[in-house]
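Me: I've just opened this one and I'm new to it. Can you walk me through what's in there?

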Amino acid sequence: MYEAPGVGLAAPQVGILRRAVVIDCGDGPLKLVNPHIVETRGNQPWVEGCLSVPGKQGRTHRPQWVRVKYQDARGQECEVVGEDLLAVCLCHELDHLDGKLYVDIAEGPLLEAGEEVEE
C-alpha cells in the first residue's frame, strides 16, 4: 500500500478472501476486520483513484461523515468515525469487500491520474 503509493488496501485486492482492510490517511494504520458502515451524513464530491485501477481517477460523491463498526486484530468490537478524506477511504475500502470499485459510481469518464479536474 505504501509503495504504490496508496492510503488504503482491502484484503481481496491482494487475493485474500477476508473482510479486512487497512487505511492510513496519515495518522498510522487503521486495521479493520469485518467492518460495516452504521451511519453516514452529508455528501462531498471527491476525485478517487485506486490501486486496482492504476493510472486512472474518477469523480465521485461520498458521505462527508461515516461511523463504522469493526473488530480489531484481537476480535474486540470497535468503532471509528471518519470525516472528509477518512470518510472517503472508509467507504472506498469497504466497497471492495462487496466487490465494488469507485468506477462503479464514477460520474463521467475516467481521467488519467494527475489530470486536472474541472469543477
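Predicted model: local features only at pLDDT ≥ 70, side-chain atom pairs only at ≥ 80, totals over all residues.

Me: OK, zoom in on the pairs. How many bridges join strand 2 to strand 3?

Reply: Four, and the two strands run antiparallel. If you want a spot to look at, find Val 22, which stands opposite Lys 31 in strand 3. There are six residues between the strands in this hairpin, and one to look for is Gly 26, with a positive phi near 120°.

Me: What about strand 3 and strand 6, how many bridges there?

Reply: Six bridges, again in the antiparallel sense. Two places to check: His 36 stands opposite Lys 69 in strand 6, and Thr 40 stands opposite Val 66 in strand 6.

Me: Then strand 6 to strand 7: how many bridges?

Reply: Seven, with strand 7 covering residues 77-83 and running antiparallel to strand 6. Trp 65 has Glu 83 in strand 7 as its bridge partner. The hairpin has five residues between the strands, and Gly 75 takes a positive phi near 90° there.

Me: Switching over. Which strands form the open sheet of three?

Reply: That sheet has the order 4-5-8, with antiparallel pairing. Its edge strands are strand 4 (44-49) and strand 8 (107-112), each pairing on one side only. The twist averages 30° from one strand to the next.

Me: Where does helix 1 touch this sheet?

Reply: Helix 1 packs on it, touching strand 4 and strand 5. The helix direction makes about 55° with that of strand 4.

Me: And how many bridges join strand 5 to strand 8?

Reply: Three; strand 5 is residues 56-62, and the two run antiparallel. Lys 56 stands opposite Glu 112 in strand 8.

Me: Now the inside. Which residues touch the most other members of the largest nonpolar core?

Reply: The core has 15 residues, and those with the most contacts to other members are Val 21, Ile 23, Leu 32, Val 66, Val 68, Val 80 and Leu 90. Strand 2 (20-23), strand 3 (30-41), strand 6 (65-71) and helix 1 (85-97) supply at least two residues each. Helix 1 gives the largest share of the core, six residues. As background, nonpolar side chains tend to be buried together in soluble globular proteins.

Me: Take Val 21. What does it touch?

Reply: Leaving out residues up to four places away in sequence, Val 21 touches Leu 9, Ala 10, Leu 30, Lys 31, Leu 32, Glu 93, Leu 94 and Leu 97.

Me: What about the largest pocket: how much space lies in it?

Reply: About 400 Å³. It is lined by 23 residues, and Val 7, Glu 48, Gly 49, Cys 50 and His 92 lie nearest its centre. Strand 4, strand 5 and helix 1 are the elements that give two or more residues to the lining. Helix 1 gives the most, with six residues.

Me: Last topic, loops. Is Gly 15 buried or exposed?

Reply: Gly 15 counts as exposed, because its relative accessible area is 61% and the cut-off for exposed is over 50%. You'll find Gly 15 in the loop between strand 1 and strand 2. Gly 15 and Lys 69 are 54 residues apart along the chain, with 24 Å between their C-alpha atoms.

Me: And Asn 43, buried or exposed?

Reply: Exposed, at 54% relative accessibility. Asn 43 is in the loop between strand 3 and strand 4.

Me: So what does Asn 43 touch?

Reply: Not counting residues up to four places away in sequence, Asn 43 touches His 61, Arg 62, Pro 63 and Gln 64. Asn 43 and His 61 are 18 residues apart in sequence, yet 6.4 Å apart in space, C-alpha to C-alpha.

Conventions. Residues numbered from 1 in each chain as written. Heavy atoms only, no water. Core = buried A, V, L, I, M, F, W, Y, C linked by side-chain atoms within 4.5 Å. Buried < 20%, exposed > 50% of the residue type's maximum accessible area, 1.4 Å probe, protein only. Contact = heavy atoms within 4.5 Å. Pairing = 2+ DSSP bridges. Axes fitted to C-alpha atoms, helices over the stretch in contact; angles between N-to-C directions. 1 Å grid on protein atoms, 1.4 Å probe; cavity = no way out; pocket = protein on both sides within 12 Å on 5 of 7 lines; lining within 4 Å. Points joined across faces, edges and corners; volume = space filled by probe spheres on them.
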